[in-house]
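Please look over the sequence and the structure before reading on.

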Amino acid sequence: MKPRIAFQGEPGAYSHQACHEARPDMEAMPCATFEDVIEAVGSGEAELAMLPVENSTYGRVADIHRLLPESGLHIIDEAFVRVHINLLAVPGASLADIKDAYSHLVLLPQCGSFLRDNGIAGRVSPDNARAARDVSEWGDKSKAALASELAGEIYGLDTLARHIEDHDRNTTRFLVMSREPNLERRSDHMMTTFVFRVRNIPAALYKAMGGFATNGVNMTKLESYMVGGHFTATQFYADIEGHPDDKNVQLALDELGYFTSELKILGTYPADPARD
């Protein structure tokens, strides 16, 4: 039996596409929630998890930053997946037939211009792949789904219009996660992801960040979010270029340690070529 990689969503979801592109030798395993994905890997039902962390149009994916630190999993790779939105309908339907197009709430605004230009009403579905499945089951020529071409193949739908997203660089970044860390330097361009909480002292965040600047470490992402619903408990999520064994990264992390009450490295992994 093929090793499995778990993803959130139904067959045909963009996370499913990410599994195909990043791990074509593995069997993609659909899960209902992000928590189920993490549990599948933690229990050994799947070897890897494919989790979306941010989209170039929509921003960060809700809940992921909260789940990662306590997941018990480690980031071993990242995958940048180009999100192409397609208008899918039952065989025999034409673009002129379509009155309603269904997809996830996040996806609808990303092709708003196409929908307006063609007089199509956007309708919310729990998931873009679910929308494709529903359209297939309804068999109604006036209804369409906004989803991946993979979803169209799975549910037997025709593609009436390809790549209708408003932004031609619409991309989602995924993290590939495993039960065991992989700390090997597998590329000349490595990334490291960690979370931290600053100590409750004046200018703690400013001082904590100083070590990255003085040691020439490029921080590509820094985001804050509340922990446990408390305004005073703030955790930070960060991505930096480099490997923890690099001297400048070591020095920056050491300095960070002076001003933090908690620091956890979530993984170190090769940068996706799309970064360049």
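This is a predicted model: local features need pLDDT of at least 70, side-chain atom pairs count only at pLDDT 80 or more; totals for chains, interfaces and linings use all residues.

A pocket, as the word is used here, is an open set of grid points where a 1.4 Å probe fits, with protein on both sides within 12 Å along at least five of seven lines, and its lining residues have an atom within 4 Å of a point.

**Second largest pocket**
- The second largest pocket holds about 310 Å³ of space, and among its 15 lining residues Ser56, Phe80, Arg169, Thr171 and Ala274 lie nearest its centre.
- At least two lining residues come from each of β3, β5 (74-82), β11 and β13 (219-227), with β11 giving the largest share, three residues.
- By class, this lining is made up of eight charged, five polar and two nonpolar residues.

**Largest pocket**
- The largest pocket has about 580 Å³ of space, and of the 23 residues that line it, Gln8, Pro52, Val61, His104 and Val106 are the closest to its centre.
- Two or more residues of this lining are given by each of α1 (14-22), β3 (48-55) and β11 (171-178).
- The lining of the largest pocket consists of 12 nonpolar, nine polar and two charged residues.

**Nonpolar cores**
- In the largest nonpolar core, which has 29 residues, those with the most contacts inside it are Ile85, Leu87, Leu115, Leu146 and Ile164, while the largest share of the core, four residues, comes from β9.
- Leaving aside residues up to four places away in sequence, Ile164 touches Ile85, Asn86, Leu87, Cys111, Phe114 and Leu146.
- Another core, of 27 residues, lies apart from the largest one and includes Ala40, Met191, Tyr225 and Ala271.

Technical notes:
Residues are numbered from 1 along each chain as its sequence is written. Side-chain values use heavy atoms; hydrogens and water are left out. On a 1 Å grid over the protein atoms alone, a cavity is a set of points where a 1.4 Å probe fits but cannot get out, and a pocket is an open set with protein on both sides within 12 Å along at least five of seven lines; lining residues have an atom within 4 Å of a point. Grid points are joined across faces, edges and corners, and a volume is the space filled by probe spheres set on the points. Ala, Val, Leu, Ile, Met, Phe, Trp, Tyr, Cys and Pro count as nonpolar, Asp, Glu, Lys and Arg as charged, and the others, Gly among them, as polar. A nonpolar core is a set of buried Ala, Val, Leu, Ile, Met, Phe, Trp, Tyr and Cys residues joined through side-chain atoms within 4.5 Å. Buried means under 20% relative accessible area, exposed over 50%, partly exposed in between (1.4 Å probe, protein chains only). Contact means heavy atoms within 4.5 Å.
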